Amino acid sequence: MRAHPGDYELVAPGTLPAVLSLLAQEPGGWLPIAGGTDVMVQYAAGELPARKLVSIWNLPELRRIEVLPNEIQIGAGCTYTDLREHEVVSREFALLPIAASWTGGIANQNRGTIGGNIVNASPAGDSLPALMAYEAELILVSIRGERRVPYTSFHIDYRKTRLAPAELVRAVCLERRFSEYQGYARKVGPRRAQAISKVCLAALARLGDGVVEDIRIAMGSVAPVPLRLRETERIVRGQRIDPPLVQLARRTAAAETRPIDDIRSTARYRAAVGGNLVAEFLGRLSAGKIKG
Amino acid sequence: MSDCPQGRSKCEMALRVNGERIVVRAYPMDRLLDVLRGELGLTGTKEGCGEGECGACSVLLDGTLVNSCLIPVLQAQDAEIRTIEGLRSDSRFQELQEAFLELGAAQCGICTPGMLLAAFHLLTKKPQPTIEEIREGLAGNLCRCTGYQQIVEAVAEAAWRGTAV
């Protein structure tokens, strides 16, 4: 049943310190809402458990991208459109704007935020495999201060994260060291736009003299959390890509996924497609069909 | 932004809609869509899915295309809101509307205001889009009548006429 707006409280303190002090007064009592592309959908369906919401949309402290010599810090309140339009993000972290372009249509890209995608913690979050592949770090902030945590260990289980009740994600940090890597990203869904992934992939590799010196493969919608395929990476790293290796990587990747049957797809299909995407990535890599 | 002093009760919020400053009494969590239609009588903005999938409720917020069904009205307080009604006097918009009419891009009409808003937003950012860019720009707007082809052609035609001027 549709929710009644009078049953909900919504405040907009307007600055990050004011939001943090509100969160600290009653840890877990307030649900932050940014662009609303997830929260408002739950609300409309009458399925939003929270009754008290605090707006963090457009907080200036969260809506900026800082380019430092060794890393960039993407404010958690930056939208998918912000990511797609940012020059350094597009040039050095291309997997991220590609993933952003998959997410909803333009209207949702104008509202949905990178921090929201992370904290909403859906296994199908489109931008999450890219963050895994780049080994992002998150800056978490509360009234007590900030801490940095590696993104690869941020998701604990289905929709469970290491975020403390009175904390917010302030920024996503990406090290600027991927200029020699080749990237590949692909989403498989029922249609090209406005669809939630059945499987999505973000992968990076660095080749030297035909040998895979480093490789990172991350997938969405194939496990309770966005997944790094460490075993697949291990068997490919240090090798030359040839057909037997591609077949082994395909099988290893399929076995390494932990998908489920649900409304959008089946476990069997997801595992098979996951394996195929890895094989496709390696095939393109060896054929030189990926632009840096 | 200011807050309602009593939390869950209705309060007065000042909005700027189509260039006019308007004070509405609403709950902070009222959807912008409902305030536009119910309080302000701006029924050109349609409700389709109510969950951000169909684009029928598209409006411009500070020039940015958004789904008004996903926006709590409190978050729209400091923004310049433009609805389909507010675009009537814009000559570039009139050109787009003409192209929709001539090329059969409107049938039942439910998606049409949202389509026009999305197309207007696209042409503002990219005056000469490719067909692929038009398809991407309209990907968040669903139409169950036309099959989309006429809509894409109308936007391409409007873009072409815009550059011909």
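**Strands and sheets of chain A**

Modeller: Let's start with a pair of strands: strand 1 of chain A and strand 3 (residues 52-55) of chain A run parallel and are joined by three bridges. One spot to look for is A:Leu10, whose bridge partner in strand 3 of chain A is A:Leu53. Keep in mind that this is a predicted model.

That pair belongs to an open sheet of three strands in chain A, with parallel pairing and the order 1-3-2. At its edges are strand 1 and strand 2 (31-33) of chain A, each of which pairs on one side only. From one strand to its neighbour in this sheet the turn is 30° on average, direction ignored.

Chain A has another open sheet, this time of five strands, in the order 4-5-10-6-7 and with antiparallel pairing. Its edge strands are strand 4 (65-67) and strand 7 (145-150) of chain A, and each of them pairs on one side only. Here neighbouring strands are turned by 20° against each other on average, again ignoring direction. To see the pairing up close, find strand 6 (residues 137-142) of chain A and strand 10 (residues 168-175) of chain A, which run antiparallel with five bridges between them. In that pair, A:Leu140 stands opposite A:Val169 of strand 10 of chain A.

Now for the domains. The assignment for chain A gives domain 1 (7-55), domain 2 (65-175) and domain 3 (182-287). If you want a sense of scale, the C-alpha centres of domain 1 and domain 3 of chain A are 36 Å apart.

Strand 1 comes up again when you turn to the other chain. The contact between the chains takes 24 residues from chain A and 29 residues from chain B. On the chain A side, the elements giving two or more residues are strand 1 (9-11), helix 2 (39-44) and helix 6 (106-109). By class, that side has 12 nonpolar, 10 polar and two charged residues.

Over in chain B, have a look at helix 2 (residues 91-102) and helix 3 (residues 112-125), which pack at an angle of about 125° with their axes 10 Å apart. Helix 2 and helix 3 of chain B are therefore oblique to each other, and the crossing is right-handed. Among the residues making this contact are B:Phe93 and B:Phe100 of helix 2 of chain B, and B:Leu116 and B:Phe120 of helix 3 of chain B. The contact residues of these two helices divide into seven nonpolar, one polar and one charged.

Definitions and conventions
Residues are numbered from 1 along each chain as its sequence is written. Chains are lettered from A and ligands numbered from 1 in the order in which they are written. This is a predicted model: local features need pLDDT of at least 70, side-chain atom pairs count only at pLDDT 80 or more; totals for chains, interfaces and linings use all residues. Two residues are in contact if their C-beta atoms, placed from the backbone, lie within 7 Å. Helices (H or I, at least four residues) and strands (E, at least two) are DSSP runs, numbered from the N terminus. Ala, Val, Leu, Ile, Met, Phe, Trp, Tyr, Cys and Pro count as nonpolar, Asp, Glu, Lys and Arg as charged, and the others, Gly among them, as polar. Domain bounds come from an automatic or database domain assignment. Two strands pair if DSSP finds at least two bridges between them. Axes are lines fitted to C-alpha atoms, for helices over the stretch in contact, and angles run from 0 to 180 degrees between N-to-C directions. Angles under 35 degrees count as roughly parallel, over 145 as roughly antiparallel, 65 to 115 as roughly perpendicular and the rest as oblique. A crossing is left-handed if the near helix is turned anticlockwise from the far one by less than a right angle, and right-handed if clockwise.
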